[in-house]
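Please read the following questions and answers alongside the model, and try each question yourself before going on to its answer.

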Amino acid sequence: MASDKGCSAGDPTLRRRIEPWEFEAIFDPRELRKEACLLYEIKWGTCPKIWRHSGKNTTKHVEVNFIEKITSERQFCSSTSCSIIWFLSWSPCWECSKAITEFLRQQPGVTLVIYVARLFHHMDEQNRQGLRDLIKSGVTIQIMTTPEYDYCWRNFVNYPPGKDTHCPIYPPLWMKLYALELHCIILRLPPCLKISRRCQKQLTSYRLNLQMCHYQNIPHHILLATAWI
Ligand SMILES: [Zn+2]
């Protein structure tokens, strides 16, 4: 599924790809960038062709832009299945979660899988509920890990010739922190990940505050896998 030919000038996917520096900065799980970016792929019915594109926030959030674009360009037929995968730099805010839930309600043939690099304002209860509502609507949400970063690099980034394997490597710790917090959200537990930012120096610190309820409710194998116990 990944292309190893590099991005030559004749590559038809070139104009849909983002630049390496953009990917590296915007999808870095350690950086709380303001910009949001969506990399997405769509498959219709049994057609093997995959449509790939990217989008950024405009006056509206990327998720809403996507929904408006796809519903204006395509007449959905309830008998045609459509499978969509999103790679998002930030998880959807509660308003976008609402828009996505409504979109899926109107389009029962659509399945959506979302990979996110970071959780957007994850302490906000509305955002937490929004993600739970998405899951309730059948959406799969996961934190991006190394294979997803690698996949995005190959398929969505205008990487330099011969650099198809040169995807930026991020420390897995941040992916684990966000994965653990996502579990807390799904299980309706209080936040365990605290992110604070010192405004002047722009230093961001990540702190883990595991409470008894976390130990009691988060499955043992997940705590083990995330190396917290
Ligand atoms: Zn939003």
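Q: Is Gly 130 buried, partly exposed or exposed?
A: This is a predicted model, in which local features need pLDDT of at least 70, side-chain atom pairs count only at pLDDT 80 or more, and totals for chains, interfaces and linings use all residues. Residues are numbered from 1 along each chain as its sequence is written. A residue is called buried if 20 or more other C-beta atoms, placed from the backbone, lie within 10 Å of its own, exposed if 12 or fewer do, and partly exposed in between. Because Gly 130 has 23 other C-beta atoms within 10 Å, the class is buried.

Q: In which helix does Gly 130 lie?
A: Helices (H or I, at least four residues) and strands (E, at least two) are DSSP runs, numbered from the N terminus. By this naming, the helix that holds Gly 130 is H4.

Q: Which residues is Gly 130 in contact with, leaving aside its neighbours within four places in sequence?
A: Two residues are in contact if their C-beta atoms, placed from the backbone, lie within 7 Å. With the neighbours within four places in sequence left aside, the partners of Gly 130 are Pro 92, Cys 93, Trp 94, Ser 97 and Lys 98.

Q: What distance separates the C-alpha atoms of Gly 130 and Cys 96?
A: Along the chain, Gly 130 and Cys 96 are 34 residues apart.

Q: How are H3 and H4 oriented to each other, roughly parallel or roughly antiparallel?
A: Axes are lines fitted to C-alpha atoms, for helices over the stretch in contact, and angles run from 0 to 180 degrees between N-to-C directions. The axes of H3 and H4 come within 8 Å and cross at roughly 20°. Angles under 35 degrees count as roughly parallel, over 145 as roughly antiparallel, 65 to 115 as roughly perpendicular and the rest as oblique. H3 and H4 are therefore roughly parallel.

Q: At what angle do the axes of helix H2 and helix H3 cross?
A: Helix H2 covers residues 62-73 and helix H3 covers residues 94-106. Their axes come within 9 Å, and the crossing angle is roughly 25°.

Q: How many nonpolar residues does the contact of H2 with H3 have?
A: The contact is made by Glu 63, Val 64 and Ile 67 of H2 together with Cys 96, Ala 99, Ile 100 and Phe 103 of H3. Ala, Val, Leu, Ile, Met, Phe, Trp, Tyr, Cys and Pro count as nonpolar, Asp, Glu, Lys and Arg as charged, and the others, Gly among them, as polar. By class there are no polar residues and 1 charged residue, while the number of nonpolar residues is 6.

Q: What is the phi of His 121?
A: Most residues other than glycine have a negative phi. His 121 lies in the loop between strand E4 (110-118) and helix H4 (125-136), and His 121 is partly exposed, with 13 other C-beta atoms within 10 Å. Although His 121 is not a glycine, its phi is positive, at about 35°.

Q: In the protein chain, where is confidence highest?
A: pLDDT is the predictor's confidence in each residue, from 0 to 100, and the protein chain averages 87. Confidence is lowest in helix H8 (residues 220-225), at a mean of 74, whereas the highest, at 98, is in H4.
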